[in-house]
Amino acid sequence: MEILHPYLSIITFILIFSISSATDPLSQALLTLKSEFILPPNTLTGWVIPQENQNPSPKIHACSWTGIKCNQNSTKITSLDLSLKNISGILSGHQFNNFLDLIYLNISHNLFSGELPIGIFNLTSLKTLDISRNNFSSVFPIGISNLKNLETLDAFSNSFSGPLPPDVCEIVSLKVVNFAGSYFGGSIPSAYGSCERLEFLHLAGNLLSGNLPIEFGKLKSVTHMEIGYNSYQGGIPWQFGNMSELKYLDIAGANLSGSIPKQFGDLANLVTLFLFRNSLSGLIPDELSNISSLSSLDLSDNMLSGPIPDSFSNLKSLRLLSLMYNNMNGPVPEGMAKLPNLESFLIWDNMFSGTLPQELGKHSKLKWVDVSTNDFVGVIPPYICSQGELSRLMLFSNHFSGGLSSISNCSSLVRIRLEDNLFSGYITLNFKVLSDVSYVDLSDNRFTGGIPFDVFHASKLEHFSVSNNPNLGGILPEKTWVLAVLRNFSASSCNISGRIPESISSCENLETLNLAENNLSGEIPVKLGSLMKLKFLNLSYNDLSGMIPIQNTFKSMDSSSFVGNPNLCGAPLARPCHHGNGISEGMELGSRRNHKVAWVVVLCAVVVVLSGFLFGIVYYRRQNVNRYWKMVSFGGLPDVTASDVLKSFRFVEPVETSYLSNPVCKAVLLTGMTIVVRKIEWGTKGSNVLLDFINRIGSLRHKNLVRLLGFCYNKNLGYLLFEYLPNGNLDEKIGVKRDWASKYKLVINIAKGLSYLHHDCHPAIPHGNLKASNIAVDENMEPRLAEFAFKTISAMETGEYKGLTEHDLKDDIFHFGEVVLEILTNGKRKNGGISVHKTPKDALLKEVYDDNEVTGSSSSSKSVQEEIKLVLEVVLACTTSKQSDRPSMEDVLKILSRLDPEKKM
C-alpha cells in the first residue's frame, strides 16, 4: 500500500480537476484559449481556476476574470474584451464553440497574426465583433453571414488580402462595416448596396479597383461612408446622390475621373465631402449649393475648371473650402465673404483672378486664408482680420498691391506670406501687437521706408524676409537681433545702407543671413563669427571693407558670400590684406601673431567649458519637461491629433515603399487615409535646426514633389508623415516603351521639381539622392520627387550638418543628367553620367534615336531628332566632370521649356 500512496495522490488531483472542468467547461475553454497567447508580463495573471471545488455550482469562475462579463446569475459568458493588451499569437479558433452565448467580442489593438479562425463564425449570438488593429492576414474567410445578429463588424487595420467577403450584407441587422487599412483587392461587391440597415461603411486604404458600384444608391440608412485611398476606374456614379441620410462622404485619393455628379445636391444631410487628390474634371456643379448642412468641402488636387459657383454663397454652414491644385479661374464670388461660419479658405495654385471680396473676414471668424499662386489683383480686404482669429495669411505669387493697413494690428497672425506681389509703401505691421507671428515673408515687392524698428517685439519670429524690395532703404535696426528664436533673416537687394550692427551676435539661433546687393559699409563685425548655428551667409555686392574675420563660422563660407566688395580682403577671397608697411597680414611677426592665437585658444577653451556646463543644465531640464507629443499639419491631412497619429501606426511593421530607400511603414489614420511614415531621431544638438528645416519642407508646394503632410514629434523623436503613392516609381517603369512626347513630359516635370528646390526655395534645398527609384509616379505617369532633403535631415539628426554648399546642388544636376539619360535609353544606360562621355557623340545619337524609334527621314522624325539631340546636349552638360561647368537647374529648365513635342507629334 505504501508503494501505491503517491499514485493515489495523483489520481485524487486528476479527479478533482476533472470535476472542476466538467462543472466549469467555459473557464477551462478560456484557459485553453489563453495557452495560444503570447502574453506580456503581468497580463491575464488572474485567469486561474481554484483547485478546491468541494461544492460544485453552475456559476462560472471566469466571470470574475479580467475582460469577462457574464449574465446576472453568472451562468453565461456574454462579453469577452481583450483589447489593448499587446497580446500576440495565432488563434486556432477551436475554443469558440463553447461561447455560443457571447454577444460582444473585442480583441482589437493587439498583435494577433495568421488567418482569422473560422470558428469565430460559430458565435451566432454576437452583436459586436471587433478584430481591428491586429495583423490578421490571408483571405478573409467565408462564413461571416452565419452571425445573423451581428450589428458591428470592425476589421480595421489588418493585413487581409484577396476580395472583400461577398456575404457580409446577408446579415440583415448589420449597421457598421469597417474593412479599411488592409490589402483587399478587386472590386467592391455590388451586394454591399443591399445592406438595408447599414449606417457606417469604411473601406478606405486598401488596393480596391474596378468601378464604384451603382448599387450604393440603395443605401438609405448609411450616414458615414469612407471608400477613398484605393485605385478605382471611372467616375462617381450619379446614384450616390440617392443616399439620403449620408452625412460624411470621403472618396479622396481614389483615382476617380469624370465630373462631380450634380445629384450630390440631393444629399440634404451631408456635412463633409472629401473628393481631393483625384482626376476629377469639369465644372463644380451649382447643385452642391443646395446642401445647406455642408460644413467641409475639399475638392483639391484635381483637374477641375471654371469658376467657384456664385450659388456657393448659400452654403451658410460652410467652414472649410479647399479647391487648391486645380485649373479653376474667374473671380471669387462676393457672396463668399458673407458666409457666417467660414474658417478656412484655401484656393491656391489655380488661375483665379480679379479682386478678393472686400468684405472677406467681416462676417465670419476666418482662421486660414491661402489664395497664393493665382492672378489676383487689388488690395488686401480691409476686414480680413476683423474677427481676430486669422492665423495664416498666404497671398504670395499674385499681383496684389497697396499697403498692409488691414493686417497691421492683426494680433492672431502666426504666418504671413505676401512675397512676389506689388505691395508698396511703408511696412506698417505693428510688431508690438503681432506677438505670436513666427513667419513673415514680404520679399519681391515694392516696399519703402526701411525695415520696421519695432520688429524686435515679435519674440516668436523665426523667419523674416524683405529681399528684393529695391527701394526699401533704411538701415539694419539695432534691436532686431535680440530675437531669441530668429533663424532666417533675408534683406538682399533692398538698398539698405549703414553698418552691420555689432549686436547681431546676440541672435544665437540665426542660421541664414542674406544681406547681399545693398549699400552696407564698414567692417564685418568680428562678433558675427560667434554665431555657431550660422550656415548660410551672403554679404556679397556691398561696400564692406577691411579683413574678413578668421573665426570658423567664416571659414565655412565660400568666396560667393563676400564677392563684390572691392575693399574687403582675406580668405576665402583671393585678395590678401596688406598693412601700411607693405607686409601682408600673413607675414606679420610671429610673436605678435602667436600671442593672438594663444589668447584665442584660451578664450575658446573657456567658452567650450562654460557651454558644456550650460548645455548639461539645459539638457537635464529638458529631460524632465516637454515629454508630450506635438502634431504639426502642413495641409492635406484630416483633422487629427498626435495621439490619433501614434495610435494609427502603433502596431504596424516596417515595410519598404517602392520609392523610398529608407525603412518606413505604411499606416492608416483613423479616417482611413493611408500615409507613409518615416521615423527620425536626434540629440539635443541641432534639434532646433532640424525642426525648422522640417517646417520648411512641410511648407513646400509643387506638383512634382511628394508632399510632407505632417510631423508628429516629441523632444528627441519624430515621425514624418508623407502622402502615400501606390503606383510605384520611375525605375520600375522606365523600360516601358513610350513616345517622345511622353518622355519629354517626364523630363520637363522632373526638371521643374528639382528647379523648384534649387531656385524657389531660399536657401536652396538639395535633393541629395536623385535617381529613378526616388521618383514616384502617379497613375498618369506624372513624376514626383521623393526622398528629397533626406541627406540633409540625416546630417542634422547626427549634428553633422555643415550647411548648404554649391557642391550639393551641382551633384543634384549631375544625377538629373543621369536620370534623363535613363529615360532617353529606356533604362539601358543606368548611372551612365561618366561613361556617356566616353562614347562618340555620333554613336550616342544613333543609339538614342534607335531607342526612340525616330530614324526615319520624314519632317516629323527630323523634328523629334533635333529635340532629342538638344536634350542629349543637356545631359552631357549636366554630367560634365567639372562641376563649375554644369548649368543651373534654372538654365536647364529654360532650355527644355523651349521644346513642345506634343504640338509636333
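I started with burial: Cys63 is buried, and so is Cys70 (buried means under 20% relative accessible area, exposed over 50%, partly exposed in between, with a 1.4 Å probe and protein chains only). I am working on a predicted model, where local features need pLDDT of at least 70, side-chain atom pairs count only at pLDDT 80 or more, and totals for chains, interfaces and linings use all residues. Residues are numbered from 1 along each chain as its sequence is written, and side-chain values use heavy atoms, with hydrogens and water left out.

Next I looked up the bond. Cys63 and Cys70 form a disulfide with sulfur atoms 2.0 Å apart (a disulfide is a pair of cysteine sulfur atoms within 2.5 Å). The torsion about their S-S bond is about -100 degrees, so this disulfide is left-handed.

How many disulfides does the rule give? I count four, and in sequence order the bonded cysteines pair 1-2, 3-4, 5-6, 7-8.

I then checked Cys569 and Cys577, whose sulfur atoms are 1.9 Å apart in a disulfide. Their torsion is about 105 degrees, so the link is right-handed. Cys569 is buried at 13%, and Cys577 at 10%.

Another disulfide joins Cys385 to Cys410, S to S 1.8 Å. I find it right-handed, with 75 degrees about the S-S bond. Cys385 is buried at 12% relative accessibility, and Cys410 at 2%.
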